[in-house]
Structures are given as C-alpha cells and as structure tokens.
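Here is a short tour of a model that you can follow on screen.

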Amino acid sequence: MKPFEYARAASPAEAVRGFAPGTMYLGGGTNLVDLMKLGVAEPERLLDVSRLPLDAIEQTDGDRVRVGATVRNTDLAAHPVIRSRYPMLARAVLAGASGQVRNVATVGGNLLQRTRCTYFQDVSRPCNKRRPGSGCPAIEGDHAGLAVLGASDACVATHPSDMAVALAALGADVHVTGPGGDRIIPMPGLHRLPGDEPERDTVLEPGDLITAVELPPPPPGASHYRKVRERSSFAFALVSVAAVLDVRDGAVAGCRIALGGVAHVPWRAERAEQALIGGPATGEAFLQAAETELEQAGPLPRNAYKVPLARNLIVATLEELAP
Amino acid sequence: MNRIEGRVKVTGLATYAAEYPAEGVAYACAVQSRIAKGRIKRVDGGPALESPGVLAVLSCEDPPRMSEDADPELALFQHREVAYRGQIVAAVVADTYENARAAAAAVRVDYDPDDHDVTLSADHPGLYKPDVVNPGFPTDTGKGDVEAGLAAAATTVEVTYETPVLHNNPMEPHAALAYWDAEGRLLVYDTAQGTSTSRDMIATALGLPPDRVRVVSRHVGGGFGSKGTTRPQAVLAALAARVVGRPVKIALTRQQMFDVTGYRTPTIQRLRLGADAQGRLTALEHVAYEQSSTLIEFAEQTTVPGRVMYATPALRTAHRLVRLDVATPSWMRAPGECPGMYALESAMDELAYAAGLDPVELRIVNDAETEPGTGLPFSSRDLVGCLREGARRFGWERRDPAPGIRREGEWLVGTGVAASTYPARRSPCQAVATVRDGDFLVQVAAADIGTGARTALTRIAADTLEVSPERVHVELGDSDLPRAPVAGGSMGTASWGSAVVRACEELKRDGKEGRADTTEEIKGDAELARHAFGAQFAEVRVSSVTGEIRVARLLGVFAAGRIVDPTLARSQFIGGMTMGLGMALMEETLTDAEFGGFLHRDLAQYHVPVCADVRDVEAVWLDERDGELNPMGSKGIGEIGIVGTAAAIGNAVFHATGHRVRELPITPAKVLMPRF
C-alpha cells in the first residue's frame, strides 16, 4: 500500500472544501481499503467522511424517507420504517456481503463501490477502467460474472451493489453536495454505462459527496428482491432482480423492475415495465416483457447463461408478486 | 476429552508462526514475476532501496548462496529463467511490513518474455508417461483384456470428466520467522505440516547440516497438504535474515498463496466401463491427463482408486502428464483419490443408470475380495457395510431412480450416492516418553495442523500408560523433538501413535523413560492392502428457475478401523465432506491463458462453502476391528471425508435434473444452459 495522509471531516461543507486532487473520501472502507492494499486505488490523502452527522433515517415531507449517507448498511436494513415500508430495500441490503461488512459499510459507500472484475482488481494485468487505454482482457478471458447489457468494447464490468438495484427500482433520489453546489440525482441516473470512458463509474464530479438517499413513498403493489448466486451467502449476484408489481382488476397498474449483476449500472428494465403496464398480469405477459428487455443483451461466450437466468428470474419474481 | 489447546486457541493465546515477537525483527515481501515464461534481463532495486525503511533487495542480480540441491521451487533468485507467472523473482526487506510491501511495488524487473503455454488438454503434444506418480505408485497398471471385456459387456459407459485447478485455503497464511545465531545456526518458526521434514528441506536448500537448523511449528492453522512441503516463505525469511543480520518475518498474502504454495492439478479423465447383465464389471479403464510445471515433475495419482475399488477381470489405469509454464501442483487433501473418485464414482452412477441397476447395489455387486490392482488380501474392507448402513440411515429404499421427476415448487429434488476410499498407511517415527514431576511427558515431532493431533496422542499415551489424560503432556511441533513424518497422507496419527505407544510401553517397563523407533516394526508389517472405505449420500435441491444448487443433506458412513477420538473424528469427516461440497459446487481457480498465472486469487473470488451452504452434514462410522494396522487399530481419517463427496452431489444433481454435468464445479450456469 502506498503511504497516504489521513484526515477527518467535521461537516459535509468542510469535506468538500478539503477535497483536492489526490484526495478520496473514506466511508466504511470495506471496498476502498481493499483496493488500496491491492494498489488499485492510490490516494495521497483519505478524507474520512464516515463520522459525518449524516447517520439518521427520518421521515420527511410528502411521506418520503431520508437516509443519511453514513448510515451503516446493517442499520438501514434493520430500521423499522425500512422493514415495514421498503421491505425490498431491506432484503437487498441483507443479500449483500456479510454481517461484519454490513456493520461497517455506509450507504454512500455502497453506491460508490467498484466492480469486482478480476482484471480491475489486479494491477499486474491490463484494465481500461483502472488504466484507460490498456485494454480489456475480460472480453476474451474471464467474463463469466460480467455484463450482458449496456457493455462496450472497452469494458464489460458490472456494478456489484445489491442495495443500488433496489434503489433504482424505487427511483430514489441521491443528494449530492460538491464544489458546484448541491444537487439531486434520481436513481438509476447516478451510475453510467462504460462507453469509451469506463474509468467513470458515475456522473459524480471530483469533490462531489453523497449526503443522503431520499426514498419516495413506496410504490403501490407488492415488491421483492431476489438474488442468484452459487453459494448461499457472501457472494456477488450472478443476476438479481428488484421488482414491484401493482395489479388491479387483473391488469398491471404499476411495475418496477431493476436488474443487478448484468450491467455497469443497476439496470432499470424500462422496456419490460412499459410492455407490462396496462396489460394482463399473466406468466405469458411476464415472459414477453422479459424477452423484450433482454433483446438488447449482448452476451459473451461465458456469460451467456445470464440472459436466460435474468429472463427466468424476472418471470418467476413477477409471478410470485402477482395476486 | 476436550481439545487440549482449545482454550488457548479460542482466547487468541495460541502463537502461530507470524505472531512470535522478535527483537529487531525486519519484514520481507516478495516480488512476483509478471511473465509466464522467459528470462529476467535486469532487476532494478534502486527505487525500492530509496524507499522508507528498506534494508535490502534480494534478486538474481546478487544471488544469495544456496545449495544446488535446493528444491527448484525453493531455489530463490538462483536463476534468471522464469517458469511461471507469480514466481518469486525478488524480495524487499524493510523495517516494517508496510514499508516492505510498499517498496516491493517499486522494484522494477525487465524481462525477455517467451511465448507461454499454460493450457492442459488431452491431446497436448507434450503429454508423456512419468516414471511414477505421487508418492511412488506405478504410472500405469493393467490386467486382463479391456477391449475384450468391453466387447463382451451388456452395458458400457465411455465418459470424460474434468476437474479444475483447486487451491488449499488454510485460514493461517504461509508465514515464517527466521533467526540466525552467532554460531550460524538457523531457527525458523514456520507453518509446517512436519518440522522434521521441513528442517531437512530448509537445510538442503541452504546447504547446511540438518543439525544446524531447527524448525518450530507449535500451532498451524490448517494445511491440507499446502504446508506438507516447505514453501518459499521459510527459505526467503532465512535468506533475508542472513542478508540483513536481523530476524526476518514474512507472511504471504492470500493472493501469493495461490501462486507459490501448490494447488491441485486440473484433470481430464477418460473412463470406459463395461458390465454384464447382472452389473458385474467386465472391464474398467481410467486414464488421467494432468499438468506439472517445468521445474518439478509432480504427477497426481488420480487413477489409483480403480486399483482398489471394484472387482473386474480387465483393468487399465494410466496417467499422462504435460509440463506447462505453470506453478508446480502439489498435495491437496486426498491427492489422487479425491479427483479420481469423483470421476470413477460419477461413471459408476452412469453405469447404474445405463444398466438399470440401483447404484448402491451396483457397488455391492462389484465389491472386491482382494485388491484388484495387486491381488493382495485386504487387512479389512467394509465398503458394503458402509453402503448398507448409509442406505438405511438415508432412507435410500424409498428412492425412485427416475431422474428429473421430483419437484417442490420450482425446486427439483434428487439424491445420489458415491463410495469413498483412502489408504491406511504408517511411516517410521520416533518418540520419547519420560516421567516428569510425577506426570508423563511424551515428545514427538508430530504436527497439529488443527486436526487435534495433540489431543489424540495424549489419549493414545494415556491409554497405553493406563493413566488419566490429565497426567500426560504431549510436546510436538519442533524438529528438535524425536523425528516424525508429516501430517499428511492420513498417516499422522497412525505413524506418531505407533511410536508413542511403543515409547509408553517401554516407559512402563523401565519406570523412567521409554524410547521408540518404529522403523523395524514397520518393516515387519505383513504385505496386505490397507484402506479405509466409506459411502456418501447427498440430497440436493436444484432451482429450475435459476440453476442454483443447495445441498439439503449429506451423510457419510465410514469404516476406518478404531476411531481414536469421536469428537475429533467427526470434525475431520465433516470437514472433508464440506470441502468436497465446495469442490462439487463452487471451487475453481481460473488459469489466465493470455497472461499466464491464475485468476480469482482471493476468497471473494475463489468461493469456499459458507455455513449457510452446509445445512445438514452427518458423519457416522462402523465399528471396525483390524489388527493388521498399528497398535491403535486405527486408519487415517483426515482425507477420506473429501473422497466421493463431489460425485455423490453430482449424482444427486443428475437425479434431480436428468442432466449430467461432467465438469466441476457444477454451477448455476452449467445447470441452466442445457435447459434452453
């Protein structure tokens, strides 16, 4: 690990003022510290924002819920309001990592964790995300866990978060403060597809700091988060789905579907949603909607399984949610 | 009785190699090759030497003095040739671990790379027949006419099974602390499965007389074979300590462990089986294709189970090896039996289906009277008892053999069976028992790698001395103690225990001291086939939606002689079975064809089972009396638990889904894709 300075910010404003090139904000450190040990991240200075007074979960105007950026994953999943009103979010958070990691990991850090692509994490091998222009060996090599939607010739990485998939389905607002002032980024707009700039995971600018995630009122209907992995716990998703389905008089009145493990972003399945709304809530309709969404998929030889897997998962989850 | 060192372990007081305090200690960190084959042009340690706290940079630019007889994986910095990606090519020694690690990244190595070849295939032009396979078995064996047996068979099965590169992942990383004293004697606290053998390997590598080297390994946090031979960390610590004139400590990172501490070779296994109308084998052929490095020939004994398991008039077993630009494979829990029985017991299941026979009955019909490969009588063999008892406990008689028909919601349910076997050997060992303060001190350079050896030997000594175990103190894990073989090959307890019994018997006669050396006794052992046997049963649930596989039940029934300590034995059996579950469903190291070396070199990517994967695992054993083994009547149990587990699970997946996956691990992708 490269030697670095460490400082702690007392307020979000102080953090933003203290940001300079070479600085990285430190949340729970469950990903960043690993990346520093691996030499993938080499900050000159860590600005610890994990103790900022942003650790509250509170109901706000208009029946919304504001989750501070330093709320620990464990506390988010265990909070009575989240458990009762946003059970899909609680499930998604609990599907991630281990109890020990969730005790430390923050909401802001969870959103900004980096891909677990084996090449990205290994400084002895090329990676366009880590070293732009060096190449993407995953496309010819190990990509079994990587993206089938929205990938580019430069990068086939996936975003690893479970929580972000649920937030994308809920359409949460990400509150950001930064050198350019405060702004709100609606999910899933925080993350971006790799295109020819895979080094940029999100639309955030240098110095931007996530201060909160604001949840809109829960959408009507039943919701679920389901994650597929080869072992029962402590593994990243092969594919996951966050889904909300509202059926009235046999017809789909509302529908939200987001997929994890398939793209550089938590993938909001808008085509499937549009195909379903107003139509019948039948297995056949769910299958057609899933296939409509997955027509865009561009799988590689060793991750082609993700396409039928995502299709099955969407259909099975919606069938479970349909009355 | 409870595990003797249980309290110090759970309270964090047990000292492991990297934890010994040492005044003035320095730290070493290895620099690894970034090419898979070629030659080092130049190592530039300059920038590293200017880094904070750096004391020295070791490399082939100034090769440290070593013996030409050093094991090639231990001959650090002696050559410019690179044999594999990840090989140690330089090292930095610094005042702190952090400084050493930071400076290691600053060492610049220039190479002349050559094209590499890291891919095993069954038609590789470099395949050849090694002279022997590990640890000294004949490479090929044959009896009868396999072609005639197949031609005469009512049912034949001809299949290829593949297993991937697998890695041992002991919790304790490979670590060492080395001191040189003023007289040039070397003390190494090492993570060794055997201090006598580790002492010899280090002495040989450094060109020292063995009596000038001492290796201490009081506690070892798992090994599974990866600490059975001395690994580079011990030699690197010694070399670095000599260069800087201070004690030097080193602990490999998890990623480095994947590169330089051995692994299980990938295998491609071709099997041909023929059976008559009653299911009796008419022929069995098992050929394995495997890899080793260009440095050392290590040929895993993958097809030896066919020489032990089933009666057949025609038997051929063979091994073919290719030397690739990869690290040297080595021991991983049950080398040979583990991958070999996966393929053989999967093929037997296929034969049962092809012949329309119950897979338990097929194995019983083919039980061998004498060892098929040698014709030797067995000292004891109760495979049939294990199969019958397992079938009874598991509820096998209620099983409908038809595959792919049981469904609970989206979950397909299936059950499978496979047999287990592992040799029951012992090696010469010495021990000393003395009276101390009215109690008894037993000394033997055995190793407790988490198995409970200290506890088992205490019990053996107490039983022999006919005293309470509280009055016996066993000292092990130090090469200055009476010479002992490694904890490996499931023969630790049998070997050490034999010497402990004899030393204690001598003490009882003498009243003060007993010394034993079992070399002569073992020479007198009758020529018999000695093996433990077992049967494993698995119930799996496979999601028809996602391809996820969950093991609902695992049952192992073993016939392994007298069980010395039931608590420790259960732990060994279910530990092996759990490791077999990992092999079946998730464990896999990828080889990087483009750059060489391995991918997935950490525990986030190399998945081992978590507690939630291990839902209902049960191990039981039959009461087996065998007077032809050793004074305890015991057979080794450290490895048999992993043998057959993956086949039982794979067979259950077939029973659940109707689809046979012949390449481990059996992942959701492999289950899902054929369904579309």
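Which strand of chain B pairs with β3 (residues 54–59), in which sense, and over how many bridges? The partner is β5(B), the sense is antiparallel, and there are five bridges.

## About the model

This is a predicted model, in which local features need pLDDT of at least 70, side-chain atom pairs count only at pLDDT 80 or more, and totals for chains, interfaces and linings use all residues. Residues are numbered from 1 along each chain as its sequence is written, while chains are lettered from A and ligands numbered from 1 in the order in which they are written.

The predictor assigns the complex an ipTM of 0.97 and a pTM of 0.98. For chain B the average pLDDT (the predictor's confidence in each residue, from 0 to 100) is 97, and 100% of the residues score at least 70.

Strands here are DSSP runs of E with at least two residues, helices are runs of H or I with at least four, and both are numbered from the N terminus. Two strands pair if DSSP finds at least two bridges between them.

Strand β5 of chain B covers residues 88–94, and seven of its seven residues are buried. A buried residue has 20 or more other C-beta atoms within 10 Å of its own, with C-beta atoms placed from the backbone. Besides β3(B), β5(B) pairs with β1(B) (residues 26–32), again in the antiparallel sense, over six bridges. To find these pairings on screen, look for Ala91(B), the bridge partner of Ala30(B), and for Ala94(B), the bridge partner of Val54(B).

## Chain B as a whole

Chain B holds 16 helices and 28 strands. Its radius of gyration, taken over C-alpha atoms, is 25 Å, close to the 26 Å that the globule rule (2.2 Å times the number of residues to the power 0.38) gives for 676 residues, so chain B is as compact as a globular protein of that length. Along the principal axes, the C-alpha atoms fill a box of roughly 75 × 65 × 50 Å. Of the 676 residues, 60% count as buried.

## Domains of chain B

The domain assignment, which is automatic or from a database, gives domain 1 (6–12 + 23–115 + 169–260), domain 2 (132–166 + 264–424 + 530–675) and domain 3 (430–523). The C-alpha centres of domain 1 and domain 2 of chain B are 36 Å apart. Their contact takes 20 residues from domain 1 and 23 residues from domain 2, where two residues are in contact if their C-beta atoms, placed from the backbone, lie within 7 Å.

Conventions:
A residue is buried if 20 or more other C-beta atoms lie within 10 Å of its own, exposed if 12 or fewer, and partly exposed in between; C-beta atoms are placed from the backbone.
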